[in-house]
Amino acid sequence: EELQTLVLTTLDKENVITDSKSLLLNEKPVDQLALLGALNSLKSKEMIDFSPIDRITWILTEEGKQLAKDGSHEARVFAAIPAGEEGLPIAELQSKVGASAKPGQGKAFKNKWVVKKGANLVRAVESIVDETQKDLKEIESTGTLKNEKVLADLKKRTLVDKQKTTTYSVSKGPDFSLTVKKEATDITYEMIQSGEWKKATFKKYNFDAAGVPPASGHLHPLMKVRQEFREIFFEMGFQEMPTNCFAESSFWNFDALFQPQQHPARDAHDTFFLKDPASSDRYPRDLMEKIKKTHENGGDTGSIGYNYTWKEEEAQKLILRTHTTAVSSYMLHKLSEETKKTGEFRPAKYFSIDRVFRNESVDATHLAEFHQIEGVIADKNLTLGDLIGFMDVFFKKMGMDKIRFKPTYNPYTEPSMEIFSYHEGLKSWVEIGNSGMFRPEMLMPLGLPEDVRVIAWGLGLERPTMVKYGISNIRDLLGHKVNIGMIKEYPICRLDK
């Protein structure tokens, strides 16, 4: 309000303010940024009009201020050298003038003020004029210097710097007055009842002003990366598998994958079992009989199986699926049924990205629930070379060049390989997935032709997301400790394909 009053009273006396830099408040120059706020307020009421005056001024740096006060480096060097033929040993110059020794000596030589005589510095002239100090003082008082070449040299020496300043030219507006009327922002019920709205002055709407951003949803980083993976799969001709059922029978999750019923992964300490309902028999009976025989003695696969008594009640137990491969086994069975109907096998590419559950201890790189990315290719006469070659292309599309593999064991793939990616944040190799070729003991009971091979791989969605966004603790990405603000702030995902 003080600034508004100052502007209005000055305009009333002088009719125009040519340059606001001359305005004084309490005998001090007015802060031009604060003045701009007052001018905008008065202009919105059409009491004044104003236009900016931009100017470039030169200011002294901290070193420049020091030289303007004490003299330039070269002048101090000259002053430190006594008159006469002996001069001053170069080795003693540092102790005489300190930090000015090196820059001052070079400039004094250039100005031909001193010469070198043996190991000493000797004056070459009787007296000097410190033009640098004079120039700096002029810039300090006027903000400029006529000689642009000197200005450029002083800037190169980091003694001065440019500064852009804005002041304002102010004139009266159509509704000029010494009194600032209070403007109403809204029509109230009371104003309508009393009729006050007819006389009130309303603040104009600024239709150019940015509105308040509406509250909206934000994609979680996992969903951003998930969509990028989906695009990669679609680009490579894959079909997405239906994975909308988290609960699965042990039959599809374990038995159909040739995973023995006594395998540790099927224990309660690794798997979440459902209590109600606790079991399901939704699987083909004929397929169940084939899988039972394969587990017990190898069936028609040429294998000896696991040599144990397979129990249907164990296969019926309902669990929270431990991997999306349960859906892959169902899709491969469906593919075999279609092959029988048409009499012709058609190669297939399937993928899924969805949530799975493991009864694991939570730490920086493990969660009890996470997202699994899975890819499956079924075709005739596929080899391990096809799997490695495909994964090389696949991971490069994900932007992961630092990839390596390690042999491992899986009940339903042979050969099998673990996949590792280098994490720049953790500075270590992090396991991101598993891969292999499905065993005949899994494929043949499902009904696929004998020469059909299936290559498959799976990886967690969380760890590639951690690599992409530089997150070192998986609990910061998913779970109750996640910072909601992080979800809003994280950028859109673009894998470096």
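A residue is called buried when its relative accessible area is under 20%, exposed when it is over 50%, and partly exposed in between (1.4 Å probe, protein chains only). This tour uses those words throughout.

The structure is a predicted model, in which local features need pLDDT of at least 70 and side-chain atom pairs count only at pLDDT 80 or more, while totals for chains, interfaces and linings use all residues. Residues are numbered from 1 along each chain as its sequence is written, and side-chain values use heavy atoms, with hydrogens and water left out.

**First stop: helix α15**

Select residues 384–397, which form helix α15. Helices (H or I, at least four residues) and strands (E, at least two) are DSSP runs, numbered from the N terminus. The expected span of a helix is 1.5 Å times one less than its number of residues.

Next, colour Leu387, Phe390, Met391, Phe394 and Phe395, the buried residues of α15. They cover an arc of only 125 degrees around the axis, which puts them on the same side of α15. The arc is that of the directions from the helix axis to the C-beta atoms. As background, an α-helix has 3.6 residues a turn, so residues three or four places apart point the same way.

What covers these buried residues? Among the elements in contact with them (heavy atoms within 4.5 Å) are helix α10 (221–235) and the strands β13 (369–380), β14 (403–410), β15 (413–423), β16 (428–438) and β17 (452–460).

Now look at the two ends of the helix. At the start of α15, a side-chain oxygen of Thr383 lies within 3.3 Å of the backbone nitrogen of Gly385. After the helix comes Gly399, with a positive phi near 85 degrees.

**Second stop: salt bridges**

A salt bridge is a side-chain nitrogen of Lys or Arg within 4 Å of a carboxyl oxygen of Asp or Glu. By this rule the model contains 17 salt bridges.

Select Glu235 and Lys397, whose side chains meet in a salt bridge at 2.5 Å, N to O. This pair links distant parts of the chain, since Glu235 belongs to helix α10 and Lys397 to helix α15, 162 residues apart. Are these two residues buried or partly exposed? Glu235 is partly exposed, at 48% relative accessible area, and Lys397 is also partly exposed, at 21%.

Move to Glu337 and Lys340, another salt bridge, with the closest N and O atoms 3.6 Å apart. Both residues are in helix α14 (residues 325–342), and being 3 residues apart they are separated by about one helical turn. Glu337 is partly exposed, with a relative accessible area of 32%.

A further salt bridge joins Glu314 and Lys317, with 3.3 Å between the closest N and O atoms. Here Glu314 counts as buried at 19% relative accessibility, whereas Lys317 counts as partly exposed at 31%.

**Third stop: aromatic rings**

Rings of Phe, Tyr and Trp (its six-membered ring) pair if their centres lie within 6.5 Å; planes under 30 degrees apart count as stacked, over 60 as edge-to-face and the rest as tilted. The count by this rule is 20 aromatic pairs.

Select Phe50 and Tyr168, an edge-to-face pair with 5.7 Å from centre to centre and 85 degrees between the planes. Phe50 lies in strand β4 (residues 48–60) and Tyr168 in strand β8 (residues 160–172), so the pair ties together parts that are 118 residues apart in sequence. Phe50 is buried, at 13% relative accessible area, and Tyr168 is buried as well, at 8%.

Then return to α15 and select Phe394 together with Trp457. Their ring centres are 5.7 Å apart and their planes stand at 65 degrees, so this pair is edge-to-face. Phe394 in helix α15 and Trp457 in strand β17 are 63 residues apart, and the pair links distant parts of the chain. Both Phe394 and Trp457 are buried.

**Last stop: the backbone**

Where is Pro277? Pro277 is in the loop between α11 (250–253) and α12 (285–297), and the peptide bond joining Asp276 to Pro277 is cis, with omega about -5 degrees. Another cis peptide bond runs from Glu414 to Pro415, with omega near 0 degrees; Pro415 is in strand β15.

Finally, select Glu27, a residue other than glycine with a positive phi, near 65 degrees. Glu27 is in the loop between β2 (24–25) and β3 (28–29) and counts as exposed, at 77% relative accessibility.

Definitions and conventions:
A polar contact is a pair of N or O atoms within 3.5 Å; within protein, one must be able to donate a hydrogen and the other to accept it, and residues adjacent in sequence count only if both atoms are side-chain atoms.
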